[in-house]
Amino acid sequence: FNDFIVFVKISVVLLFIATGAILIFYVAAIYYTAYRTQHRLMRQWQQQTTSEEAASKGPALSRISIPKIDLDAVIVEGTNRTSLALGPGHLLSTALPGEAGNAVIAGHRDTFFRHLAELAPGDDIFIRRHRKPFHYVVFAKRIVDAADTSVLRTSSRSILTLITCFPITYIGPAPRRLIIKAGLAAASQPPDLKQRGRTITGSTL
């Protein structure tokens, strides 16, 4: 009987180790996929900004840079689970960055938008699209319920809305959303993006 108890204990320990290893591998795979995708998208974005031929092929890519939180990433289209695993996602039913209306961009709280809560009114957000720089300035920061869709309403002005789950450190599906609102200030030149990079698991995208 004692041997059986020992066997059960060893089996439980091995099960926990195996489960932990699988989870680590899964998370590492997600981060690696995001890294590789952002690296590829960044090359495409750079080609679009330097080549007329490349700019005329395929949809124009948008690049978002937030100096305060050291965020620099190419925005993907769509906000489903697959899209958000690869980068900040543009909500398809909303305006494009730089256009009149409310451009909504969502991101995961444990990857690209994990430092979003550090932003405050007056902070700068830069977006480059179609070789044009757009400078946004944060004017509001809110916490809303997950079911609150009022933050998606359109606007006559050019508004940028950033969304992530909240609380940031919540385990499991978070019940609320962190909302950052920014208004278009001017088409001013953003910081040099060539040397900037968003750090994910120690690697620069």
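**Strands, a pocket and a patch**

Guide: Let's start here, keeping in mind that this is a predicted model. Strand 2 and strand 3 (residues 89-90) run parallel to each other, paired over 2 bridges.

Visitor: What about strand 1 and strand 2: which residue in the turn has a positive phi?
Guide: Strand 1 (residues 62-66) runs antiparallel to strand 2, with 5 bridges joining them. Ile64 stands opposite Ala73 in that pairing. The two strands make a hairpin with 4 residues between them, and the turn residue with a positive phi, about 55°, is Asp70.

Visitor: And in the hairpin of strand 5 and strand 6, which residue takes a positive phi?
Guide: Strand 5 (residues 124-129) and strand 6 (residues 132-145) are antiparallel, paired over 6 bridges. Arg128 sits opposite Pro133 of strand 6. There are 2 residues between the strands, and the one with a positive phi near 55° is His130.

Visitor: Which strand gives the most to the lining of the second largest pocket?
Guide: That pocket has a volume of about 360 Å³. Of its 19 lining residues, the closest to the centre are Ala106, Ala146, Leu152, Ile163 and Arg177. Strand 4 (101-106), strand 7 (158-166) and strand 8 (176-186) each supply at least two lining residues. The top contributor, with 3 residues, is strand 7.

Visitor: Now the surface. Is Val8 buried, partly exposed or exposed?
Guide: Val8 lies in helix 1 (residues 2-50). Along with Phe4, Ile5, Phe7, Val12 and Phe16, Val8 makes a nonpolar surface patch of about 590 Å². Buried stops under 20% and exposed begins over 50%, so at a relative accessible area of 33% Val8 counts as partly exposed.

Visitor: Zooming out, what share of the protein chain's residues count as buried?
Guide: The chain has 3 helices and 10 strands, in the order α-α-β-β-α-β-β-β-β-β-β-β-β along the sequence. Of its 205 residues, the share that count as buried is 39%.

Methods:
Residues numbered from 1 in each chain as written. Predicted model: local features only at pLDDT ≥ 70, side-chain atom pairs only at ≥ 80, totals over all residues. Heavy atoms only, no water. Patch = residues over 30% accessible without salt bridge, like charges linked within 9 Å, V, L, I, M, F, W, Y side chains within 5 Å. Areas by Shrake-Rupley, 256 points an atom, 1.4 Å probe, with all protein chains shown as cover. Salt bridge = Lys/Arg side-chain N within 4 Å of Asp/Glu carboxyl O. Buried < 20%, exposed > 50% of the residue type's maximum accessible area, 1.4 Å probe, protein only. Pairing = 2+ DSSP bridges. 1 Å grid on protein atoms, 1.4 Å probe; cavity = no way out; pocket = protein on both sides within 12 Å on 5 of 7 lines; lining within 4 Å. Points joined across faces, edges and corners; volume = space filled by probe spheres on them.
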